[in-house]
Amino acid sequence: MTEILPIPAFNDNYIWSIQNDQGDAWVVDPGDAQPVLRHLAENSLTLRGILITHHHHDHIGGVNELLANYAVPVYGFMRSAIKAITIPLQEGDRVELGDFSLAVLETPGHTLDHIAYFGEIAGAPRLFCGDTLFSAGCGRLFEGDPAMMRQSLDKLKRLPANTYIYCAHEYTLSNLRFAQAVMPESDEVNKRKLQCESLRARGVPTLPAVLGEEVAYNPFLMAEHPAVRRMAQEVSGSPCATATDTFAAIRAWKDRF
Ligand SMILES: [Zn+2]
């Protein structure tokens, strides 16, 4: 059996561990080595590989220390500046790991080197989306522009509705407070907020989220909805002629929210 567990790191990062009964583990975005090494020891696991989504330090800061303990392949984007990458990847590549494989999706916007990993694990589609897509939110545009990020999010939106999404941060509740400002009338936002408040009160992660549910409460996946467009125009004070204009307006609003 393969399962996927969060290893909490820093304030709100999750390093996802994909692990099986045979004692193999692969980790996604190990920003810190210590919690990963502890998790491996406590669960009698051997690290088999490291998957990287993008170059930010809170996603790669633990790679060298892990490599000092385990000589394993490091997967990441082929045009990334990360020196530790040994298996350079691009759109359409597949990563074969244990008894599952993941397809590589290029998702620039948050950074230009951002990729996501998608595939079926333990009978369900799973997406490791780093800082591109969050539950009820999306990553800040540090290197890309709104059109580029929308294209990346649209690519993710086309994945099966039952896809579980494994984001790299526990940002869900603060994202939902923003979603509520964008869509004050939305029952879906409210419902998800109540659900996540109850999870967080018990210290339980709000992730993975389900992609098909995200499209009903994540304002960054809803730029073509009239209510989102109206609010974007009202707040920005300028007309949003296209869905990308709407997306850009709500992303800018979120940056100062
Ligand atoms: Zn990042």
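**Reading the zinc site and its strands**

Modeller: Angles of 91 to 167° among its 4 donor atoms make the site of the zinc ion irregular. Four donors are tetrahedral if all angles lie between 85 and 135 degrees; four are square planar and six octahedral if opposite donors are over 155 degrees apart and all others between 65 and 115; anything else is irregular. This is a predicted model, where local features need pLDDT of at least 70, side-chain atom pairs count only at pLDDT 80 or more, and totals for chains, interfaces and linings use all residues. Residues are numbered from 1 along each chain as its sequence is written, and side-chain values use heavy atoms, leaving out hydrogens and water.

Colleague: Which residues coordinate the zinc ion?

Modeller: Donors are N, O and S atoms within 2.8 Å of the metal (3.2 Å for Na, K and Ca); water is not among the atoms, so sites may look incomplete. Here His54 (NE2), His56 (ND1), His110 (NE2) and Asp131 (OD) coordinate the zinc ion at 2.1 to 2.3 Å.

Colleague: Are His110 and Asp131 buried or exposed?

Modeller: Buried means under 20% relative accessible area, exposed over 50%, partly exposed in between (1.4 Å probe, protein chains only). His110 is buried at 3% relative accessibility, and Asp131 is buried with a relative accessible area of 3%.

Colleague: How many bridges join β5 to strand β6?

Modeller: Strands (E, at least two residues) are DSSP runs, numbered from the N terminus, and two strands pair if DSSP finds at least two bridges between them. β5 and β6 (residues 87-89) run parallel, joined by 3 bridges; Phe77 has Leu89 as its bridge partner in β6.

Conventions:
Helix = DSSP H or I, 4+ residues; strand = E, 2+ residues; numbered from the N terminus.
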